[in-house]
Every structure is written in C-alpha cells, then in structure tokens.
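Good morning, and thank you for making time for this presentation.

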Amino acid sequence: MIFYCICDGVNTAARVWFVFQVMGALFSPKWVKSRMRIGWVGMMVFAVQNQLDVIEYKVLFSNFVLLVIVLSMAAVCILLYECSFWNSLWLNMLSWIGMALLDFFIQTCVYLILCKLGGQRDILLSFSMERSGYLSIYTAIIILAGIKLRRWLVTRKWEVLYFKKQGLILGFLMMPILVYFQRIYLLEASGNLLNQWWIFWLGLVIVVLVFWFNMVRHKTEEEKRIQQLEVKMLDEKYQDLLHIYNRKSIIIHDMQNHLRTILEMIEEEQVEECRDYLIQISGEIQKKESLPWTNHKILDMIFNMKFQEARKEGIRIKCLSDDLSGLELTVAEICSFFTNLLDNAIEASMKCQEEERQIRIVCRKKGGMLVVSISNPVEKDAEYRKKQMLITTKKDKSMHGFGMLSMENIIHGHDGYIKTDIAGDQFQVIAYLNAFADE
C-alpha cells in the first residue's frame, strides 16, 4: 500500500508539473526562478495531500477533489504567471480533464484486452501492484507529453490564446463527459463503452479540426491586414519620396544660376554673403539626403519614414547598418518587425525631456543571423522604468497590442529571440533571428 501511495503521489505531482508546463509556455512568470519553484512545490504538495486523502477512504477517483485541485491551480497560476483568471481556469480545466480522460481511455483498452486474453479484468480497479505499475507508466507518458506540448505551445501561443472563450466552453462540456466515462468504467461495463469512446474521439477530432481551421483563418486575416497596412505605408512613402526628389530636381536644375550668383559675389568680394548663400543651398540639399542606407529598398523606405516621424518630435537618430540586401524576411515581416520596434522607441523617447531624446539603431549581419539593437532613453520615474522593463521582457505583455503579437511570431518563426536591458537612463532591445541564407 505504501508503494502504491508513492506511485499515486508521483503521478499527481506529474500532473501538476504538466499544467505548469502549459502555463509557462503561454505566459511569463511573475517571479524569479527560486520563488517560482517554491510555488510549484507548494502546489504539488497540496495536490498530493488531497489525493492521498482520497486513497485513505479507499476511493480510486474523486470528482470533488479534482475540482478543488483545478480551482486551486487556477488561483496559484494567477499568482505565479502574468495571466487572467479565465485564461488560468480554462487551461487548467482542459489540462486536468484531458489527462483524466486519457487515463480512463487507456484503462478501458487494458480492460478489454484482459477480457479477450481471459485475464483478471479488474486489476486496475484496486490498490494493487499492477495499478502501481500502470501509474508509473502513465506518469512517464504525462512527462513526455508535457515536454512536447510546451515546445508546440511556445510557437503557437497567440493563436491558442485567441480561442480562450471556446476553450472555456469546451472545458465545461468535457466535465460531464468525464463523469460519464468514469462511472461506466467503475461499474465494470467497459465492454459496452468502446463505441462511446470512438464517438468521443471522433467528436474531439472534429473540434480540433475546427480549431485548426479557425487558427489558419485568423493568421491569414492578420497577414492580410499587415499587407494592407504595408501597401498604404509604401504609398505614403512613395509620395514623400516623390516630393523630395522633385525638390532636389528643382535645386539641381537651378544650380547654374546658383553658381553664377556665387561667382558674382566672389568678384565683388562679398565673402559673408557668399558664405551664407552656400550654407543655405547646401542645407536644402543635405536636409533631403538624410536617408538611411541598408541596401534594401523596403527597409530603407521604412527607416526613412520612421526617422522623419522621430525628427518631427525632436528625436535625434543615429543609425549604423550593414548591407542587408540579402534579407530573406517577407515584406510583411519587415514592415511589422521594424515598425513596431521603432514605434516603441519613438513613443518612449517622447516621454523624456527634449534634450534627452535620441534613438540609436544598429543592424548587423552575423552569418545567417540578423542582429538588431535599438536603444532609447526612458523616464527617470522608477515606476515607469519597472513597467517598461516588464512590458518588454515578459513575452505575453511585452508584445503588447495586435501588431506586437505579429512581431513575436516573426521572431519565433525564424528561430530567434529577444532580450532587453536598462542601463542608467537607456532602455535597449536586442533581437536575434535567422534572416539570411546560410553562406
């Protein structure tokens, strides 16, 4: 009995760990790792204690204890992760009920196999060594599934969280299904249960397909919206460039007259007037030549547009870039990635004193890797600085707003990552992503 309690306790702890893997993939932690581990261990101890109480009363399953654990886990996850109560609730419900349903399905299959082999059918319906062995195997399945699921959720978290309402409804619908299968199994009527299981799995496959098609549709609509924004932006940029080039053409066309005027000033020894006149002409030309050069047409246009917006707000720009002509991001990805980075830097700089407003941008090509560093000043207010750091380092908050969700998808889609730092009064974002063909 002691060995069984150990196996059951480890299985319960593994289920708690599984849920934390799901939450950790979708939301950012609120605390440092040491405090997070304390929260995990505390929740595991609570769940194991409740499960051992159930065993003490010679009961294999308890729906009441399951609900207590789900609600307790939902509350603990709110304290540990940057998530809402409803997100925590539906994810916990689906995780716990999903693991329980899989457990009953496997036991049903074992029951039917033992019936055909003429063995003892109820070996998993008692506190036996056989059930202890089964719990050990199922624990290994949970751990393996948790690792695989976390990796998948990290790259699909925004699509998954988009369907939180549907997930909450599905969680409530699966609870009575769990109770139904549980009671049939405990009554040892599994021989009549297989057809119902196939119906359940068919329904679940349909739900998953509907979820997947909605995810694809949502992603397609988002890409369409970004492309429309990009077309509008490029059209506006084209008009701006056309205006600039027209101004420059006028200056060049009048250059002969300018040179004649300068020559006359020199002959009449009007040195100061000549000097002022030259400064005026060179200023007009230089003002229109302030286009950044990355050797990538789309990126140059985006930079120039955003730099003009920054200068209108009194923000100085320093840009250093390698030759990015081989950039393999799509136009939509370039638009979303760079405009959101620059918009954040401009917005933060505008909150500072005018003399402090300056943005530094460095774009480097390191083999097949694109490294983008953007730094800008932040307000000296401690509360704002803390908020700024949280917004950028915590992945569910940092990519704030619809456009920023696209930016994080781009980074993960190109096997990249993003990190931030605050040094003195400067806030820095460094993004790494595979954006060039391997050389």
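Let me begin with a term: a crossing of two helices is called right-handed if the near helix is turned clockwise from the far one by less than a right angle, and left-handed if it is turned anticlockwise. Please bear in mind throughout that the model is predicted.

With that term in hand, consider α10, residues 297-312, and α11, residues 331-350. Helix α10 passes α11 in a right-handed crossing. The angle between them is about 20°, and their axes lie 10 Å apart. Angles under 35 degrees count as roughly parallel, and α10 and α11 are therefore roughly parallel to each other. On the α10 side, the contact is formed by Ile298, Leu299, Ile302, Phe303, Lys306, Phe307, Glu309 and Ala310. Helix α11 answers with Val331, Ile334, Cys335, Phe338, Thr339, Leu342, Asp343 and Ile346. By class, this contact between α10 and α11 comprises 12 nonpolar residues, 1 polar and 3 charged.

I turn now to the pair α2 and α3. Which way do α2 and α3 run, roughly parallel or roughly antiparallel? They pack at an angle of about 170°, with 11 Å between their axes. Since angles over 145 degrees count as roughly antiparallel, α2 and α3 are therefore roughly antiparallel to each other. From α2, the residues in contact are Met36, Gly39, Trp40, Met43, Phe46, Ala47, Asn50 and Val54, and from α3 they are Val65, Val68, Ile69, Ser72, Met73, Val76 and Leu80. The contact of α2 with α3 holds 12 nonpolar and 3 polar residues, and no charged ones.

Helix α1 passes α4 in a right-handed crossing. Thr12, Arg15, Val16, Phe18, Val19, Val22, Met23 and Leu26 of α1 meet a set in α4 that consists of Ser88, Leu91, Asn92, Ser95, Trp96, Met99, Ala100 and Asp103. Sorted by class, the residues of the contact of α1 with α4 are 10 nonpolar, 4 polar and 2 charged.

The largest pocket has a volume of about 1200 Å³. Its lining is made of 33 residues, and those nearest the centre are Leu94, Leu149, Leu170, Leu204 and Val208. Two or more lining residues come from each of α1, α4, α5, α6 and α7. Which element gives the largest share of the lining of the largest pocket? It is α7, with 9 residues. In the lining of this pocket, 28 residues are nonpolar, 5 are polar and none is charged.

There are also 2 cavities of 30 Å³ or more in the structure. The largest cavity has a volume of about 330 Å³. It is lined by 21 residues, with Arg15, Gln51, Leu60, Phe61 and Leu66 closest to its centre. Helices α1, α2, α3, α4, α5 and α6 each contribute at least two residues to the lining of the largest cavity. That lining contains 11 nonpolar, 6 polar and 4 charged residues.

Terms used
Residues numbered from 1 in each chain as written. Predicted model: local features only at pLDDT ≥ 70, side-chain atom pairs only at ≥ 80, totals over all residues. Heavy atoms only, no water. 1 Å grid on protein atoms, 1.4 Å probe; cavity = no way out; pocket = protein on both sides within 12 Å on 5 of 7 lines; lining within 4 Å. Points joined across faces, edges and corners; volume = space filled by probe spheres on them. Helix = DSSP H or I, 4+ residues; strand = E, 2+ residues; numbered from the N terminus. Nonpolar A, V, L, I, M, F, W, Y, C, P; charged D, E, K, R; others polar. Contact = heavy atoms within 4.5 Å. Axes fitted to C-alpha atoms, helices over the stretch in contact; angles between N-to-C directions. Parallel < 35°, antiparallel > 145°, perpendicular 65-115°, else oblique.
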